[in-house]
Structure formats: C-alpha cells, structure tokens
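Could you walk me through this structure, stop by stop? I have it open in a viewer and would like to know what to select next and what is there.

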Amino acid sequence: MQYFVYRYYRVNMWVVRDGSVFGTEFVLYSDHQDVVHSSFLLSVMDSWDNIEKECMIKSRIGWTLAKKCVLSVVKIEEGVSLDTPECLDHMELEAMIVKRLKFR
C-alpha cells in the first residue's frame, strides 16, 4: 500500500522522500529538496477508525516543524489479489490535510 501512495504522489508531480525522521512514512516536496523545504508530512493509515488520535499526534508534530500533515487511507476493491502489479488499478487513495488542532 505504501508503494501505491508513493506512486500516486510521484505521478502528481510531488517529490516524495522518506519521512521516518519526522515519524511519518513520507515527506512531500513541491520541487527538488535542495531548492525548497518540504511542505507536507504524509502518513498512511489502515483505516479512518482512530482518526482523532492520529490527528492530535500528527498535528502536534506538523505544528512543531511548521508543516501540514496529510493523513491517507488506501481503499482496495473486494477480492483483488495483491500479488500482481495490476492490483494498483483497483486501489483508491483517500486523504485529508490536518493543519492544527486547538483545544480550549
């Protein structure tokens, strides 16, 4: 699933790098990393079930680093075998941007 997310953003003209230093799967750049700083931290989740917890964690990290966080989930059609490259045609990416959560 992470390859699908990587491929999705590469096809859409983003420079995708490893984000493990920041506690995420990927970091997205709008241009080469020597030219610009990364704009987004990208996390891949299994489902939207624990979205509140992930939003709090990732928004805190993103706020500290002055970056926006993208939370994403890959939806796979029923009965699709993940053994062949053709399975990528049966996947869909859902994503949302988390800027910062403020609680009072």
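Here is a short tour, from the sheet to the helices, the cores and a few single residues.

**Before you start.** Keep in mind that this is a predicted model. Colour the chain by pLDDT, the predictor's confidence in each residue. The chain averages 88, and 95% of the residues score at least 70. Among the elements, E1 has the highest mean pLDDT (95) and H2 the lowest (85).

**Stop 1: the sheet.** Switch to a cartoon view and find the five strands. They form an open sheet in the order E1-E2-E3-E4-E5, and the pairing is mixed. To find the edges, select residues 15-18 for E1 and 91-98 for E5; each of these strands pairs on one side only.

In general, the strands of a sheet pair through backbone hydrogen bonds, either parallel or antiparallel. For one example here, select residues 26-29, which make up E2: this strand pairs with E1 in the antiparallel sense, over four bridges. You can pick out one bridge by selecting Arg17 together with its partner in E2, Val27.

**Stop 2: the helices.** Now select residues 2-11. This is H1, which packs on the sheet and touches E1, E2, E3, E4 and E5. The direction of H1 makes about 75° with that of E5. Next, select residues 51-65 to see H2, which lies across E3, E4 and E5. H2 runs at about 145° to E4.

**Stop 3: the nonpolar cores.** Show the side chains of Val5, Tyr9 and Leu42. These have the most contacts inside the largest nonpolar core, which has 15 residues. H1, E2, E3, E4 and E5 each supply at least two residues of this core. Stay on Val5 for a moment: leaving aside neighbours within four places in sequence, Val5 is in contact with Phe26, Leu42, Val44, Ser72, Val74 and Leu93.

Then move to a second, separate core of eleven residues; Met45, Cys69, Leu71 and Val73 are among them.

**Stop 4: the cysteines.** How many disulfides are there? The count comes to zero. Select Cys55 and Cys69 and show their sulfur atoms. Cys69 holds the closest cysteine sulfur to that of Cys55, but the distance is 9.0 Å, too far for a bond; a disulfide would need the two sulfur atoms within 2.5 Å. Cys55 is buried, with a relative accessible area of 9%, and Cys87 is buried too, at 7%.

**Stop 5: a buried loop residue.** Go to the loop between E1 and E2 and select Thr24. Is Thr24 buried or exposed? Thr24 counts as buried because its relative accessibility is 6%, and buried means under 20%. Residues up to four places away in sequence aside, Thr24 touches Gly19, Leu41, Leu42, Ser43 and Lys58.

**Stop 6: two positive phi angles.** Met13 sits in the loop between H1 and E1. Its phi is near 70°, a positive value in a residue other than glycine. Met13 is exposed, with a relative accessible area of 66%. Ala66 lies in the loop between H2 and E4. Ala66 is not a glycine either, yet has a positive phi of about 60°. At 70% relative accessibility, Ala66 counts as exposed.

Notes
Residues numbered from 1 in each chain as written. Predicted model: local features only at pLDDT ≥ 70, side-chain atom pairs only at ≥ 80, totals over all residues. Heavy atoms only, no water. Pairing = 2+ DSSP bridges. Contact = heavy atoms within 4.5 Å. Axes fitted to C-alpha atoms, helices over the stretch in contact; angles between N-to-C directions. pLDDT = per-residue confidence, 0-100. Buried < 20%, exposed > 50% of the residue type's maximum accessible area, 1.4 Å probe, protein only. Core = buried A, V, L, I, M, F, W, Y, C linked by side-chain atoms within 4.5 Å.
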